Amino acid sequence: MTTHVSSAPPLRIGLVGAGPWARLTHAPALAGHPGAVLGGVWGRRPEAARALAAAHGTEAYSGEAGLDALLATSDAVAFAVPPDVQAPLAVRAADAGCHLLLDKPVATTVEGARGTADAAERAGVASVVFCTLRFARARRGGSPNRPPRAAGSRQARRGSARCSPRTRPASSPPRPGAARRGACGTWARTRSRS
C-alpha cells in the first residue's frame with residue numbers, strides 16, 4: 001500500500017453555523033482531521049459562535065463583517081445552517097474563492113440550488129454535498145480492519161434498514177401501543193389500528 005505524504009499545508013476550513021449540528025458533527029470532525037485546520041466559526045448568534053470556537057481553540061465570527069473575515073481567511077467553508085440560509089451564504093463563499101462543503105439539501109428552491117452550483121462553477125471552486133454517514137464504513141457494513149459484511153447477513157440487513165421508514169417486517173405488525181424503534185433510531189409508540 002502506498003502512502004502519500006503531502007508537503008502542502010493543511011486546508012483552513014471555516015465553519016458557517018454554530019448550532020447543534022455544527023457542535024456535534026462538523027466542528028469535532030474538522031478540528032480532529034489531520035489535513036485540516038478549523039480556521040473559525042461563524043454564527044448568527046455571537047454567543048453560540050464564541051462558545052463553539054472556544055471549545056475548539058479557534059476564532060469566532062458573527063455578522064456580515066464577520067462572515068467576510070472568515071471567508072477571507074479560509075480555503076474552504078463547511079456549512080451547518082438551514083438550507084434557506086445555506087444557499088445565499090454558499091454563493092458568497094464561492095465568490096470569495098472558498099471551496100464548498102455543503103449539507104443536504106443545498107437549498108429550498110431549485111433556483112437557490114442552481115445559483116449555488118453556478119457560483120461554484122463561475123469561481124472555479126470545488127463543491128460537495130454531504131449525505132449524512134455517506135462515507136462511514138461502519139454504516140456500509142465494514143470497518144478499516146474488516147471487509148464489508150455479506151449482503152444477506154443480519155448485521156447488513158439491520159444497518160441498511162436503520163434509517164428507512166419501514167423498521168419492522170410486513171409479516172409482523174406492531175402490537176397496538178407497543179414501543180418500537182422508529183426511523184433513524186427514534187423511539188415511538190405505535191397507534192392502534194382500528
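**Chatting through a predicted model**

Biologist: Why does Glu47 count as partly exposed?
Modeller: Because its relative accessible area is 44%, which falls between the 20% and 50% cut-offs. Bear in mind that this is a predicted model.

Biologist: OK, and which side chain meets Glu47 in a salt bridge?
Modeller: That's Arg45, with an N to O distance of 3.8 Å. Arg45 is partly exposed too, at 47% relative accessible area.

Biologist: Why would two side chains pair up like that?
Modeller: Side chains of opposite charge can pair when their charged atoms come close.

Biologist: How many salt bridges does the structure hold?
Modeller: Four. One of them brings together the side chains of Arg92 and Glu64, 2.6 Å from N to O. That pair links distant parts of the chain, since Arg92 sits in helix H4 and Glu64 in helix H3 (residues 63-72), 28 residues apart.

Biologist: Which residue forms a salt bridge with Arg92 at 2.7 Å?
Modeller: Asp68, going by the closest N and O atoms. Asp68 is in helix H3 and Arg92 in helix H4, so this pair ties together parts 24 residues apart in sequence. With shared partners, the salt bridges make one network of Glu64, Asp68 and Arg92.

Biologist: How exposed are those three: what about Glu64, Asp68 and Arg92?
Modeller: Glu64 is exposed, at 54% relative accessible area. Asp68 is partly exposed at 42%, and Arg92 is partly exposed at 25%.

Biologist: Switching topic. What order do the strands take in the sheet?
Modeller: Six strands form an open sheet, in the order S3-S2-S1-S4-S5-S6, with parallel pairing. At the edges are strand S3 (60-61) and strand S6 (127-130), and each of these pairs on one side only.

Biologist: How many bridges join S1 to S2?
Modeller: Six, between strand S1 (residues 11-16) and strand S2 (residues 36-42). For Val16, the bridge partner in S2 is Trp42.

Biologist: Which strands do H1 and H4 lie across?
Modeller: Helix H1 (residues 20-32) lies across S1, S2, strand S4 (76-79) and strand S5 (99-103), at about 175° to S1. H4 lies across S1, S2, S4 and S5, at about 170° to S5.

Biologist: What about the inside? How many residues are in the largest nonpolar core?
Modeller: It has 23 residues. Val16, Trp42, Val77, Phe79, Leu89, Ala93 and Leu100 have the most contacts inside it. Two or more residues each come from H3, S4, H4, S5 and helix H5 (110-123). H4 gives the most, six residues.

Biologist: Which residues does Ala93 touch, leaving out those up to four places away in sequence?
Modeller: Leu71, Val77, Phe79, Cys98 and Leu100. Apart from this core lies another one, of 17 residues, among them Leu30, Leu38, Val41 and Ala78.

Biologist: Why would nonpolar residues gather like that?
Modeller: In soluble globular proteins, nonpolar side chains tend to be buried together.

Biologist: Last one, Asp95: buried or exposed?
Modeller: Exposed, because its relative accessibility is 51%, and the cut-off for exposed is over 50%. Asp95 lies in helix H4 (residues 83-95).

Biologist: What does Asp95 touch, again leaving out residues up to four places away in sequence?
Modeller: Ala119 and Arg122. There's also Gly124, 29 residues from Asp95 in sequence and 9.4 Å from it in space, C-alpha to C-alpha.

Technical notes
Residues numbered from 1 in each chain as written. Predicted model: local features only at pLDDT ≥ 70, side-chain atom pairs only at ≥ 80, totals over all residues. Heavy atoms only, no water. Helix = DSSP H or I, 4+ residues; strand = E, 2+ residues; numbered from the N terminus. Buried < 20%, exposed > 50% of the residue type's maximum accessible area, 1.4 Å probe, protein only. Contact = heavy atoms within 4.5 Å. Pairing = 2+ DSSP bridges. Axes fitted to C-alpha atoms, helices over the stretch in contact; angles between N-to-C directions. Core = buried A, V, L, I, M, F, W, Y, C linked by side-chain atoms within 4.5 Å.
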